Amino acid sequence: MPPYHFPEKFLISLYVWLLLLLFFCIPCTDAANGLDWQTVETKYTIIHYRTQEELEKFSDKIRYRIEGPVLKGFLFFRGSEDLATTVVKKVDALFEKAQQILDMRKNIKRVTINIHHDKEQLHQAYQDIYNKPCPVRAWYEYAHTTIYININDMHEGMLAHEMAHHIIDNYFLVRPPSATSEILARYVDSHLKK
Ligand SMILES: [Zn+2]
């Protein structure tokens, strides 16, 4: 054996460590704006986010969770399960609650949730789509089947409201007038905790 021949096991573990190093260092050296979207898919949604920190913030802002014998209604949850699993459960529970309040349960296409880093990024997204300044804190775009939110200015009621727009707009054969859907969507966020 030549003197510089490393055992295979050593090389494999070195390779794994290098990969781990790469995995953890890339997100912290990049600015949020330059990062590509990452994705978490749930039963009802496709969540787009850019950093782990943003996904954590998103998760912390949704306290709603599947009702069960132990976990009932609104509970702040932070268990041992991984972040993506927690997010999936919370987002799907919130979506089902919106469906239940509206009594509109139907198989519809999944809605994308774009989590923007800050107000500027959110406003830029609005400008890019509609070519005019953004007058809202969050919105749902039917043509893109997408909810646009700013991670620093969101709460679960706001997210449930935008989910409601998606549910309402896709429930009827003909989309209801925007004033009607706004009344129904407001009904959802105001009845979330009841
Ligand atoms: Zn609305």
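As a predicted model, local features are taken only at pLDDT of at least 70 and side-chain atom pairs only at pLDDT 80 or more, while totals for chains, interfaces and linings use all residues. Residues are numbered from 1 along each chain as its sequence is written.

The chain averages a pLDDT (the predictor's confidence in each residue, from 0 to 100) of 85, and 75% of the residues score at least 70. Residues 25-32 stay under 50, and the model gives them six contacts (C-beta atoms, placed from the backbone, within 7 Å) beyond four places in sequence. Residues 68-79 are also below 50, with 12 contacts beyond near neighbours in sequence.

From the N terminus, the order reads α-β-β-α-α-β-α-β-β-α-α. Of the contacts between residues at least 6 apart in sequence, 68% join residues at least 24 apart.

The five strands make an open sheet, ordered S1-S2-S3-S5-S4 with mixed pairing (strands pair if DSSP finds at least two bridges between them). S1 (38-41) and S4 (139-141) sit at the edges with a single partner strand each, so one side of each has no neighbour in the sheet. Further in, S3 (residues 111-116) runs parallel to S5 (residues 146-150) over five bridges, and isoleucine 113 has isoleucine 147 in S5 as its bridge partner.

Terms used. Two residues are in contact if their C-beta atoms, placed from the backbone, lie within 7 Å. Helices (H or I, at least four residues) and strands (E, at least two) are DSSP runs, numbered from the N terminus.
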